[in-house]
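Subject: Structure handover

Hello,

Please find the structure below. My notes on what was found in it come after.

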Amino acid sequence: MNTTDMKIPSNRVSDIRRYCHAQLRDLYPAGEVEAMTRMLFEAFLGWNLTQLMLHGEDTINQSDLLKFHWAVEDLKRYRPIQHIIGYVDLCDCRINVSPDALIPRPETEEIIHRVIDYGKELCNTIAANGSVPRILDLCSGSGCMAIALAHALPQAKVTAVELSDKALSLARQNAEQNKVDIEFIQADILDTASTINLLRATAAEKFCIIVSNPPYIAESESAMMQRNVTDYEPEMALYVPDSDPLLFYRAIARLADEMMLREGFVALEINERFGNETAALFSEHGYSSQLQKDFRDKDRMLICRHR
């Protein structure tokens, strides 16, 4: 496409910002449009908010202007902003994203922070006793939880389990980029016995922390979801049958029964609709469960410990 065909009125920063808002305001909430615009300036020009405010009357080159044009066109097709810029920053790590794995969400970052808060003392105690604290991430996807925990708890050995070839490849790239050592295992956690055998073959010790953000959206809920999710993210990482919405949590509970230390804990991202049911499931396995709300005041996290 010739740059003269673009609709952006000029290459002045203030005009580009106005153009982004004008093109997207009918598709996204105003606050989200502003956040996405800032993300584009950071990704394309390396500018933070202060620089963006100071350089409103500056102009940018035609090559960068073209990037903004195509980004806005993609956003009008509901392509996720994270796919456009190619990454998500969370917990001091940069996670590359693609359509092969779920985009890390703020809710997942909340869980990571809480696991770090709860797990730091536990990991230190295990390390002080001469053992290596071990962390297990199930349904790892992009590897964001495993990588962030390995970064924040360097005394721990982190293992990540994922079924998808493409997601595993992305997770390995992310681990290398963030300079953390993750043990990746390809397995289907619904085949619990096989997964347990694989973990036992590679882990000399049981795990003190098990985390997971498994598929948990009931298939009937897909009609209520936004197009930037349904059109661009992998279905196998999103949906569970309406007839069995706790499918993955039962597998996780069985894995925890076999692979978690008595003093350890499980931290899960959950469907707010099934918070009490998920807690009850883990109660049946002998765990005391604590539902926790996310920043939107929705039941989104479940912390489970042995009674």
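The structure holds 6 aromatic pairs. Rings of Phe, Tyr and Trp (its six-membered ring) pair if their centres lie within 6.5 Å; planes under 30 degrees apart count as stacked, over 60 as edge-to-face and the rest as tilted. One of these pairs is F41 with W47, which is stacked, at 6.1 Å centre to centre and 15° between the planes. Another is F44 with F68, which is edge-to-face, at 5.2 Å centre to centre and 90° between the planes. F44 lies in helix α2 (residues 30-45) and F68 in helix α4 (residues 62-76), so this pair ties together parts that are 24 residues apart in sequence. Helices (H or I, at least four residues) are DSSP runs, numbered from the N terminus.

Ring pairs link F41, F44, W47 and F68 into a cluster. Are these residues buried or exposed? F41 is buried, at 0% relative accessible area, and F68 is buried at 0%. F44 is buried at 17%, and W47 counts as buried at 17%. Buried means under 20% relative accessible area, exposed over 50%, and partly exposed in between (1.4 Å probe, protein chains only).

Before going on, a note on the model and the numbering. This is a predicted model, in which local features need pLDDT of at least 70, side-chain atom pairs count only at pLDDT 80 or more, and totals for chains, interfaces and linings use all residues. Residues are numbered from 1 along each chain as its sequence is written, and side-chain values use heavy atoms, with hydrogens and water left out.

Two arginines lie over tyrosine rings. R94 is over the face of Y87, 3.7 Å from the ring centre, and R305 is over the face of Y118, 5.9 Å from the ring centre. A charge sits over a ring if NZ of Lys or CZ of Arg is within 6 Å of the ring centre and within 35 degrees of the ring normal.

Next, L199, which lies in helix α9 (residues 192-202). L199 is buried, with a relative accessible area of 0%. Leaving out residues up to four places away in sequence, L199 touches L136, T159, V161, I185, F207, L255 and M259 (contact means heavy atoms within 4.5 Å).

L255 and M259 are among the buried residues of helix α11. Helix α11 (residues 247-259) has 13 residues and reaches 19 Å from its first C-alpha to its last, close to the 18 Å expected. The expected span is 1.5 Å times one less than the number of residues.

Regards

Conventions. Helices (H or I, at least four residues) and strands (E, at least two) are DSSP runs, numbered from the N terminus.
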